[in-house]
Amino acid sequence: MMNPSYTLPDTPDFFQTTSQFPDVFTPRQAESHKGTYGTLAIVGGASGMSGAVVLASTAAIYQGSGKVWAGFNQTALPFAVIPERPEIMLATAEDLLKRKDISAWAVGCGMGLDETANQILNNVLTQNQDVPLLLDADALTLLARSNSETREAAQKRSNLVLTPHPAEAARMLGTFTQAVQQDRMSAVQTISATFQAVTVLKGHHTLVAAPDGTVYTNPSGNAGLAIAGSGDVLSGIIGSLLAQGIPPFQAACAGVWLHGAAADVIKHSTGVEAGMLAGEIAPAARWLRNRLMADKTKV
């Protein structure tokens, strides 16, 4: 699918959303620069899983972060540059964790479950505790397996976002995936209350819970999202919004909506659902956000 001509589905949801997420759809000021829109660090990408970080980082740069770092849990960089996206800066996870200029972190995409990955998780939990932090994928599995000290470090962080799929949620709750799916509302609220975090329970009608028990039910999306890498793209979108200064609950809700709505745009514009690629979601989400911001300026 090369440079499709996107069109909006004929549903009122697309036009009501700007009022739900006002900070996300506020047009940019003319007097701004890359520093205005934050620096996101995405950490993961163990050997054989570099693509997870590439997908997340690409989604983040498409969603408007001023700068994006891709950090790989490998002893050396898997490549010198991402050819299709040279705007993304590359580092090993070890080197990236030493930086002090990061506006938000997204950790876990393809990170692996070895001792080095566990050390990455512990390091990011205990440093810069006021900086927004999103944990996804392997970081959530490591958190579920962690000792009480690591769990307490997570609970003490402000601005924490967790993005489990049902199996990861089950590990965090010490139960089974079927039990999570039978009562998704209880599962997402329990995780949020336990970690005092915004929690995104992925799936059909993804749920986003705030620590106070507030829950947003996402209406967007289709079965085209059932593809490897889709969750990495979601992490990049939410992480990008966090780096841009969007409050965590709004960033998570808006990110989930944009991710699903981008898939709806692709399906509506091209007829593609089966075989939709994760890499196609980010440019559609960029188009959609800008289209809705442009519509807002006309009101």
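How many strands does the open sheet have, and in what order do they stand? The open sheet has 9 strands in the order 3-2-1-4-5-6-7-8-9, and their pairing is mixed.

## Basis of the description

The structure is a predicted model, in which local features need pLDDT of at least 70, side-chain atom pairs count only at pLDDT 80 or more, and totals for chains, interfaces and linings use all residues. Residues are numbered from 1 along each chain as its sequence is written, and side-chain values use heavy atoms, with hydrogens and water left out.

Helices (H or I, at least four residues) and strands (E, at least two) are DSSP runs, numbered from the N terminus. Two strands pair if DSSP finds at least two bridges between them.

## Strand 4 and its neighbours

Strand 4 (104-107) runs parallel to strand 1 (residues 39-44), to which it is joined by 4 bridges. Within this pairing, V43 stands opposite V107 of strand 4. Strand 4 is also parallel to strand 5, with 3 bridges between them, and V107 has L135 as its bridge partner in strand 5. From strand 4 the chain passes through helix 4 (residues 115-126) to strand 5, in a β-α-β crossover that is right-handed. A crossover is given this hand if, with the strands pointing away from the viewer, the path from the first strand over the helix to the second runs clockwise.

Buried means under 20% relative accessible area, exposed over 50%, and partly exposed in between (1.4 Å probe, protein chains only). Helix 5 (residues 138-145) lies across strand 4, strand 5 (133-136) and strand 6, and runs at about 85 degrees to strand 5.

Strand 6 (residues 160-163) and strand 7 (residues 198-201) run parallel and are joined by 2 bridges. V161 has V198 of strand 7 as its bridge partner, while L162 stands opposite T199. In strand 7, V198 and V200 point one way and T199 and L201 the other way; all are buried.

Strand 7 pairs with strand 8 (residues 207-209) in the antiparallel sense, over 3 bridges. L201 stands opposite L207 of strand 8. The hairpin of these two strands has 5 residues between them, and there G203 takes a positive phi near 140 degrees.

## Two loop residues

G35 is found in the loop between helix 1 (13-20) and strand 1. Its relative accessibility is 47%, so G35 counts as partly exposed. G35 and S103 are 68 residues apart in sequence, and their C-alpha atoms are 9.6 Å apart in space.

L97 lies in the loop between helix 3 (93-96) and strand 4. With a relative accessible area of 7%, L97 is buried. Leaving aside residues up to four places away in sequence, L97 touches W105, I120, N123, V124 and Q127, where contact means heavy atoms within 4.5 Å. The C-alpha atoms of L97 and A41 are separated by 8.8 Å, although these residues are 56 residues apart along the chain.

## Helix pairs

Two packed helices are described by the angle between their axes and the distance between the axes. Helix 2 (residues 50-62) and helix 10 (residues 230-243) pack at an angle of about 40 degrees, with axes 7 Å apart. The two helices are therefore oblique to each other; angles under 35 degrees count as roughly parallel, over 145 as roughly antiparallel, 65 to 115 as roughly perpendicular and the rest as oblique. Helix 2 contributes A52, L55, A56, A59 and A60 to the contact, and helix 10 contributes D232, V233, G236, I237 and S240. Helix 2 passes helix 10 in a right-handed crossing. A crossing is left-handed if the near helix is turned anticlockwise from the far one by less than a right angle, and right-handed if clockwise.

The axes of helix 1 and helix 11 (residues 248-270) come within 12 Å and cross at roughly 160 degrees, which makes helix 1 roughly antiparallel to helix 11. The crossing of helix 1 and helix 11 is left-handed. D13, F14 and T17 of helix 1 meet W257, A261, D264 and V265 of helix 11.

How values were computed:
Axes are lines fitted to C-alpha atoms, for helices over the stretch in contact, and angles run from 0 to 180 degrees between N-to-C directions.
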